[in-house]
Amino acid sequence: MAKRVGIEVSVAVGEAVKLVNADVIAAYPITPQTHIVEHLAELVADAELDAEFVPVESEHSAMSVCCGAAAVGARTFTATASQGLALMHEVLFIASAMRLPVVMTVANRALSAPINIWGDHSDAMAVRDSGWIQMFVENGQEAVDNVICSFRMGEDNRVLLPVMIHLDGFALTHMIEPIIFPEKSEVDAFVPPFNPPLPLNPAKPVTMGALGPPSIYTEVKYAQDVNLRESKKVILEVWKEFGKAFGRYYSPVEKHYSEGARVLLMTMGSFSETAMVAVDKMRAEGKDVGLIKLRLWRPFPFEELREAVKDADILIVLDRAISFGGPGGPVFSEIRAALYGLDKKPKVVGFVGGLGGRDISMSGFEEMVAKGIEIARTGSTKEYEMFGVRE
Amino acid sequence: MARKAAKTVKKEEELTWKDIELGCFITEPGSATRFRTGDWRSRRPIFDRSKCNPKCALCVTYCPEGCIVKDTEGYPQADLYFCKGCGICAEECRRQAITMEEEQ
């Protein structure tokens, strides 16, 4: 029987990694990811998890070790945040291009400067184009469930891609939540062993990461993009199977009172929980407002997004990152691009807020919706609205 | 090359994106020997046998490409299919027996 326990989300993520029997964990501690890898180091030291824990000297090395481990066919996990993710940057692209299914949780945190250890999505958005499958989770249960799902998704021989799970620093990582843990035997049955078709193996040598000259680089990159796009089929399949096995269903775009709503709010990550309560309140007051939550970020769920917003007149998107000098927040500009070619589409209004750990409360979301409606009706010359900025 | 095994008939420039092996891996060991990389060279080493005494083979040791080997008489010779023309052999030769000549 599955157990429901009160546990810190970071520790729960470590427990999920134990449940899937990870072989190699290479990590460097950084706030607010620290508790995840601390717990895993403990599990390995206490022989509760039979894995190699490599305490590397930097995140660049962490991801490099993960690449090597996944290349030989080891089930591999790491976690990082903010500056650590930035330091890994170049190796992220190698992991995805070499089809190495590392699973990584990112405890989302603002990038320096100024130094800020609190949550936002600037670290995540900076690695948007790294070729990883990426998703945002909104609570501890989702984090645990999706760590389990991610190994099955990434290691599927039709996919063979690394998976990044974004969970908000502190707002998720340091919360104590009631989380249902599946039984080890159930997880064993759900996540099959990792058997890559072309591992590093002296008996059958392969060369990974060789030169790709101009004559083939274009073909290689197109094949990579097709592969990432097509991974969506497997992602949906795994979520469906997970739902059948454990009773909790996940989808690329989650909806909350969004059917038929004229005004939609869109959020990612832990803010979705607050936004949901705010929408409940507005609904109770008779306002025609719904919420959509973008869970799957890469591959981008174009069909699901278009379907979710098809009846709306106004779509208000909250970004927790700035695209400096660009066309509004990165999520907002992608949403607008995804809808641009449609004949019937909502007016999309972009807010940037919740930066560097600044909270947006329930009343904050009500205010954002009211302001978004006003901007949609009267127009604005600004690329985006900076929510809550003191002027 | 990083092509799928079943499709080796195609030349590199003819490979489509579907022909690319998983992760652009190379699955055939030693396939690099088929690629004559010496055509990058702009200079070639010329060996003067009269100065090559006592056939010390320092050039063989220093060649970063491993393309200098001794012939049947023990004199070093560069395999020009692979020599990149870096000139390290000429620099290291104690007898100045090697000179670098511009390729035409």
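In the predicted model described here, the centres of domain 1 and domain 2 of chain A, taken over C-alpha atoms, are separated by 28 Å. Domain 1 of chain A covers residues 3-246 and domain 2 of chain A covers residues 253-386, the bounds coming from an automatic or database domain assignment. Residues are numbered from 1 along each chain as its sequence is written, and chains are lettered from A and ligands numbered from 1 in the order in which they are written. Because the model is predicted, local features need pLDDT of at least 70 and side-chain atom pairs count only at pLDDT 80 or more, while totals for chains, interfaces and linings use all residues.

The two domains of chain A touch through 27 residues of domain 1 and 20 residues of domain 2, two residues being in contact if their C-beta atoms, placed from the backbone, lie within 7 Å. On the domain 1 side of chain A, the elements that give two or more residues are helix H5 (122-126), strand S6 (133-136), strand S7 (163-168) and helix H8 (214-246). H8(A) gives the most to this side, with five residues. The residues of the domain 1 side of chain A divide into 12 nonpolar, nine polar and six charged. In this classification Ala, Val, Leu, Ile, Met, Phe, Trp, Tyr, Cys and Pro count as nonpolar, Asp, Glu, Lys and Arg as charged, and the others, Gly among them, as polar.

Chain A contains 12 helices and 15 strands; helices (H or I, at least four residues) and strands (E, at least two) are DSSP runs, numbered from the N terminus. The C-alpha trace of chain A spans about 70 × 55 × 45 Å along its principal axes. The radius of gyration of chain A is 21 Å, which agrees with the value near 21 Å for a compact globule of 391 residues. The radius of gyration is taken over C-alpha atoms, and the globule rule is 2.2 Å times the number of residues to the power 0.38.

Helix H1 (residues 9-19) of chain A packs against helix H6 (residues 140-155) of chain A at an angle of about 20°, with the axes 9 Å apart. Axes are lines fitted to C-alpha atoms, for helices over the stretch in contact, and angles run from 0 to 180 degrees between N-to-C directions. H1(A) and H6(A) are therefore roughly parallel to each other; angles under 35 degrees count as roughly parallel, over 145 as roughly antiparallel, 65 to 115 as roughly perpendicular and the rest as oblique. The crossing of H1(A) and H6(A) is right-handed, a crossing being left-handed if the near helix is turned anticlockwise from the far one by less than a right angle, and right-handed if clockwise. H1(A) contributes A:Val9, A:Ala12, A:Val13, A:Ala16, A:Val17 and A:Leu19 to this contact, and H6(A) contributes A:Gly140, A:Ala143, A:Val144, A:Val147 and A:Ile148. By class, the contact of H1(A) with H6(A) has 10 nonpolar, one polar and no charged residues.

The axes of H1(A) and helix H2 (residues 34-45) of chain A come within 7 Å and cross at roughly 45°, which makes H1(A) oblique to H2(A). This crossing of H1(A) and H2(A) is right-handed. The residues in contact are A:Ser10, A:Val11, A:Val13, A:Gly14, A:Val17 and A:Lys18 of H1(A) with A:His35, A:Ile36, A:His39, A:Leu40 and A:Leu43 of H2(A). The contact of H1(A) with H2(A) has six nonpolar, four polar and one charged residues.

For helix H3 (residues 59-71) and helix H4 (residues 82-97) of chain A, the packing angle is about 25° and the axes are 7 Å apart, which makes H3(A) roughly parallel to H4(A). The crossing of H3(A) and H4(A) is right-handed. Among the contact residues are A:Cys66 and A:Cys67 of H3(A) and A:Leu87 and A:Met88 of H4(A). By class, the contact of H3(A) with H4(A) has 10 nonpolar, three polar and one charged residues.

Chain B has two helices and four strands, in the order β-α-β-β-α-β from the N terminus on. The radius of gyration of chain B is 18 Å, well over the 13 Å that the globule rule gives for 104 residues, so chain B is more spread out than a compact globule. Its C-alpha trace spans about 55 × 25 × 20 Å along the principal axes. Chain B is divided into domain 1 (1-35) and domain 2 (36-104), with C-alpha centres 32 Å apart. Between the chains, 14 residues of chain B are in contact with 18 residues of chain A. The side of chain B that touches chain A has nine nonpolar, three polar and two charged residues.
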